[in-house]
Amino acid sequence: MPDDSHEQNGHENVPSRQRRRFEGISSRAYEHPADRSALVALRKLSGFDTVFKALSGLLPERSLRLLFLSDSVRVSDQQFAHLNTMLRDACYILDLEKVPPMYVNQDPQPNAMCIGLDEPIIVVTTGLVELLDEEEMRAVIGHEVGHALSGHSVYRTILLFLTSLALKVAWIPLGNLAIMAIVTALREWFRKSELSADRAGLLVGQDVQASMRGLMKIAGGNHLHEMNVDAFLAQAEEYEAGGDLRDSVLKILNVLPRSHPFTTVRAAELKKWAESRDFQRIMDGHYPRRSEDKDTSVTDSFRESATHYTSSVKNSKDPLMKLVTDIAGGAGDLGGRVRRGFGGFAGGSNGSGTDTDPGQGGGTDTAQEDRRRDNE
């Protein structure tokens, strides 16, 4: 394993330490159940297979590779040597036999991606390289290597192409609708795949605090002395549990156009996994192997995904998820619950958009009426 103890290219000196290697590890070990189920749903989307087969032959992948080769800096022993060491180390830890080429692209926006149909390419921006310290960057490179191991680069490439195509054919109503349906499904899958790749980044870096810091910096910039990981995670708790049904709907609308989940959500999800028995078993050397992938039951994958979603909905603190749980449990008076969830319907006798306060008179005590109906 490469020795990272010396200082390279002005980056902070980080003491070398042994990291566990996961020989022959299958991507199933770290893939988020929502990632797998979303990908299955994507493949079942009407017209997806046709579009996928057509684009696989039409996408200018050679042109894409030439573009990065000609207008970015390829990471090597001679260029961004510290990133090259991290890349080789990440591939060693996740046992990815062929090290994908990696490029640094001039862009102040912190970003990284893994794209390519035949072979994956990793691209990181200068904004990201300048933002993160060595341990944080190691987690990001592990994140991208996780995408490569999972085969995510193929669908990511198609998503980028279709997003660009949708803008070009926006004037064609039906054509644009068909493309946007697939783009929306791809985005939903890709947001879930980011949760899987975050886990891969943790397996490579094996430093949960560095992973948390990296996500926090992506959200708030290079002001680490002004930020706190615990407070950042508390934001995720407030985001999930706060508000009413209106906020739940707004959360859905806010995330739809995004390719990545919100950073606080990613941090909370990763911390939860880092504290789980599944993560500890992997660290102890007990994990599924690639040699066993061919024997994997699709039915078992479906069942695991379904169990995850059921548990997520049941344990969620989001007001909409609580309502879904109540309905599934046979709770009475759906109308009253929805009305309270949205803060009351407009047009009450007090002329405001909220429920009338029974203590002020002139209205119906809706809460008391709802309780009476629930007891019937």
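A residue counts as buried at under 20% relative accessible area, as exposed at over 50%, and as partly exposed in between, with a 1.4 Å probe and protein chains only. By that rule arginine 88 is partly exposed, because its relative accessibility is 38%. The model is a predicted one, in which local features need pLDDT of at least 70 and side-chain atom pairs count only at pLDDT 80 or more, while totals for chains, interfaces and linings use all residues. Residues are numbered from 1 along each chain as its sequence is written, and side-chain values use heavy atoms, with hydrogens and water left out.

**Whole chain**

- The protein chain has 17 helices and four strands; these are DSSP runs numbered from the N terminus, with helices (H or I) of at least four residues and strands (E) of at least two.
- The chain has 376 residues, and 42% of them count as buried.
- Of the contacts (heavy atoms within 4.5 Å) between residues at least 6 apart in sequence, 71% join residues at least 24 apart.
- The accessible surface is about 19,700 Å², and carbon and sulfur atoms account for 53% of that area; the areas come from the Shrake-Rupley method with a 1.4 Å probe, and for residues only the protein chains shown count as cover.

**Helix H12**

- Helix H12 covers residues 263-274 and includes threonine 264.
- The buried residues of H12 are Thr263, Thr264, Arg266, Ala267, Leu270, Trp273 and Ala274.
- Threonine 264 counts as buried because its relative accessibility is 11%.
- Leaving aside residues up to four places away in sequence, threonine 264 touches Phe232, Gln235 and Ala236.

**Aromatic rings**

- There are three aromatic pairs in the structure; rings of Phe, Tyr and Trp (its six-membered ring) pair if their centres lie within 6.5 Å, and planes under 30 degrees apart count as stacked, over 60 as edge-to-face and the rest as tilted.
- Phenylalanine 22 and tyrosine 287 form an edge-to-face pair, because their planes stand at 85°, with ring centres 5.9 Å apart.
- This pair links parts of the chain 265 residues apart: phenylalanine 22 is in the segment before helix H1 (33-44), and tyrosine 287 is in the loop between helix H13 (277-283) and helix H14 (298-315).
- Phenylalanine 22 is buried at 0% relative accessible area, and tyrosine 287 is buried at 11%.
- Arginine 21 lies over the face of tyrosine 92, 4.3 Å from the ring centre; the rule asks for NZ of Lys or CZ of Arg within 6 Å of the ring centre and within 35 degrees of the ring normal.

**Salt bridges**

- The count is 14 salt bridges, each defined as a side-chain nitrogen of Lys or Arg within 4 Å of a carboxyl oxygen of Asp or Glu.
- Glutamate 135 and arginine 19 form one of them, with the closest N and O atoms 3.0 Å apart.
- Glutamate 135 lies in helix H6 (residues 134-150) and arginine 19 in the segment before H1, so this bridge ties together parts 116 residues apart in sequence.
- Both glutamate 135 and arginine 19 are buried.
- Arginine 290 forms a salt bridge with aspartate 95, with the closest N and O atoms 3.6 Å apart.
- Arginine 290 is in the loop between H13 and H14, and aspartate 95 is in the loop between H4 and strand E2 (102-105), 195 residues apart.
- Arginine 290 counts as partly exposed at 29% relative accessibility, whereas aspartate 95 counts as buried at 14%.
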